[in-house]
Amino acid sequence: MQEKDSASIYTFLEKKNLLKESPKYWWPNAGSFEVVVGAILTQNTTWKNVARSLESLGGYLELEAFVQIDEVVLKEKIRPSGFYNQKAPRLLNLAKNIEAEFGNFYFFQKRVTREWLLSQKGIGEESADAILCYGCFREEMVVDTYTKRFLAEFQIEFKKYDAYKAFLEEGIRKRYTKNLNLHYARFHGMIVEYNKQKKSKSLH
DNA sequence: GGCCAGGTGTAAA
DNA sequence: TTTACACATGGC
């Protein structure tokens, strides 16, 4: 049982104005296929390295173009993100499955389920929620290592991913009835930015 | 030079 | 069901 409601933590973060430099939904190019690629590339990897990979992917960041990339070429392009020997085949497999199952990215956005994503090799709970929240604008909140570390500062800790997610979403749902996706997106975004800011301050 | 980063899959206890 | 380990680059 927790003392603090996640809505009060949300307010605490909002007062810090952490997202003034960020896009509306925080994740770069939210609502595009690029989010799917970024969600996998950023696994256990800093965003700075992911950004390099996305840049070298250039015009291939649309589903129809992405499925055409040769695996060896893709490995080379995503090299800065690390784990490229497993991320490249998983990304290609996922992109091809999206085309086969949904036809195009628009129908994927509208129809994909969390279960379908979790059945794909290379997508775990966090990546699934990142794709749903930022790629498909669904009412699902992301829990990552930043989130767990941040909540630990409030003595809030759980064993399982779903428990973190339920705690975070519940406070928001109690306070807001509209735009839940936007609130979840910004909540997670603020947590990441809070950690980045804290880290940069502790360096000097 | 060692540790960590916006995790996941697999194997073994 | 839990734990241990591989996967790999780049920043500090």
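Into which domains is chain A divided? Chain A consists of domain 1 (6–21 + 142–202) and domain 2 (34–135), with bounds from an automatic or database domain assignment.

## Basis

This is a predicted model, in which local features need pLDDT of at least 70 and side-chain atom pairs count only at pLDDT 80 or more, while totals for chains, interfaces and linings use all residues. Residues are numbered from 1 along each chain as its sequence is written, and chains are lettered from A and ligands numbered from 1 in the order in which they are written.

The centres of domain 1 and domain 2, taken over C-alpha atoms, are 24 Å apart. Their contact (C-beta atoms, placed from the backbone, within 7 Å) takes 7 residues from domain 1 and 6 residues from domain 2. On the domain 1 side, helix 12 (residues 180–202) gives the most, with 3 residues. Helices are DSSP runs of H or I with at least four residues, numbered from the N terminus.

## Helices 11 and 12

Helix 11 (residues 161–175) packs against helix 12 at an angle of about 135 degrees, and their axes, lines fitted to C-alpha atoms over the stretch in contact, are 10 Å apart. Leu168, Glu169, Ile172 and Arg173 of helix 11 meet Leu180, His183, Tyr184 and Phe187 of helix 12.

## Surface near DNA strand C

Around DNA strand C there are 12 residues, of which Pro80, Gly82, Phe83, Asn85 and Gln86 come nearest; a residue is near if its C-beta atom, placed from the backbone, lies within 6 Å. Helix 3 (47–57) and helix 6 (84–102) are the elements that give two or more residues to this surface. Helix 6 has the largest share, 3 residues.

Conventions. Two residues are in contact if their C-beta atoms, placed from the backbone, lie within 7 Å. Axes are lines fitted to C-alpha atoms, for helices over the stretch in contact, and angles run from 0 to 180 degrees between N-to-C directions.
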